[in-house]
Amino acid sequence: MATMVDVARRAGVSVATVSHVLNKTRPVRPGTRKAVLDAIDDLGYIPNTLARSLVTARTRSIGLAVSAISNPYFTEILQGVESSALERGYGLLIADPHDDPAHELTVVRLLHERRVDGVILAPSAEPAGLLEYLGRRKIPAVFLDRLVGDAHDQVCAENTRPVEQLVDHLADLGHLRIGLVAGLPGLSTTTERIAGYRAGLERHGLPFRPGLLAEGHSEARGAEDAVHRLLASPEPPTAIITANNAMTIGALRALRTAGLSVPDDLALVCFDDFSWADVFSPGLTAISQPSREVGATAVRLLLDRLENPGRPPRTVRLPCAFVHRTSCGCAAEAPDPPLDRPLPGTPGIAGIAGKDPVS
């Protein structure tokens, strides 16, 4: 079996240079790097990761724990984590905590037992046990999508202002009763998106009506039930915002069951765009999150933490984009409203030109 010494001899370089190429610990000239990689290929050399980890106390592996991996949003995050980790020579071990605090602790313990160098997590709504476990064992960790306090490294998309923007858009179209299907209680994403919803209503002089806010628990079935509750209220909404893509699917099912057409009978907009949102008829007006960038940023934060254990924790927020389609009731060619539009000078309701506001 070929050794690192054999590779160095074939490439005409030192063993240290081979190590730098393999571990990406120092820049190596392109020609030298190619010679080393060619020698590795010619000799069929396979690095002994176990032996290397015994010397360096690093396994060059990262644990990733995110719930609902089948959700397109988390799938794209996973792709961002994986590609960024592989670029830096790290492997990935993946687990699904199922948004359950007890199972979350179990899978993180298993990842830790497999000696990952650090973990990236989308925490549950009750992460106290997880935080205690990570802190007591000093496990390097980065939280993504859902925040747990500024004492930890974490990265997420903006949540409050984008939902406020969705309310802006619907209110500008003349809607007076705008409903929100919110996510799982206790998650920072849920709290912040509700805050954006309420801020948008206030900006337009619309009262907050508790009957127009329903919990969809971040999943399709919960959202389906939530929309049925909204439609059954004495003053049902004329427009609905869903707070993630899974809940958008549930909302569409509920509206179909109720025999309602979007946007003719009710406008629908959503937080979370997904790859087939433009295939629906009508196409879904949505907030698009930078999912892959969230994943890649989490890897950068974790590797920086590994190299600089004493640095202060950082929270990174990434901007979203408003994707305009037709489920809101606008023409397809209407321009995307900017996410940083100025606050209106005075509260009021702007109806569609030539139409009365929707009540």
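Analyst: Let's start with Ser 124, which counts as buried because its relative accessibility is 5%. Keep in mind that this is a predicted model, where local features need pLDDT of at least 70, side-chain atom pairs count only at pLDDT 80 or more, and totals for chains, interfaces and linings use all residues. Residues are numbered from 1 along each chain as its sequence is written, and side-chain values use heavy atoms, with hydrogens and water left out.

User: Why is Ser 124 called buried at that value?

Analyst: Buried means under 20% relative accessible area, exposed means over 50%, and partly exposed is in between (1.4 Å probe, protein chains only). Ser 124 has 5%, so it counts as buried.

User: What makes the Ser 124 side chain and the backbone nitrogen of Glu 126 a polar contact?

Analyst: The rule asks for a pair of N or O atoms within 3.5 Å; within protein, one must be able to donate a hydrogen and the other to accept it, and residues adjacent in sequence count only if both atoms are side-chain atoms. Here a polar atom of the Ser 124 side chain lies 3.2 Å from that nitrogen of Glu 126.

User: Which residues does Ser 124 touch, leaving aside neighbours within four places in sequence?

Analyst: Asp 99, Pro 101, Glu 104, Arg 146 and Leu 187. Contact means heavy atoms within 4.5 Å.

User: What makes a group of residues a nonpolar core?

Analyst: It's a set of buried Ala, Val, Leu, Ile, Met, Phe, Trp, Tyr and Cys residues joined through side-chain atoms within 4.5 Å. The largest one here has 24 residues, and Leu 170, Ile 178, Tyr 197 and Ile 241 have the most contacts inside it. Helix H8 (160-172) is among the elements giving two or more residues to this core, and H8 gives the most, with five. A second, separate core of 23 residues includes Val 294 and Leu 318.

User: How do you know that E8 and E9 pair?

Analyst: Two strands pair if DSSP finds at least two bridges between them. E8 and E9 have four, in the parallel sense. (Helices, H or I with at least four residues, and strands, E with at least two, are DSSP runs numbered from the N terminus.) Ala 239 stands opposite Ala 267 in E9.

User: Why are E7 and E12 edge strands?

Analyst: The open sheet runs E7-E6-E8-E9-E10-E12, with mixed pairing. Strand E7 (213-215) and strand E12 (321-323) each have a single partner strand, so one side of each is left without a neighbour in the sheet.
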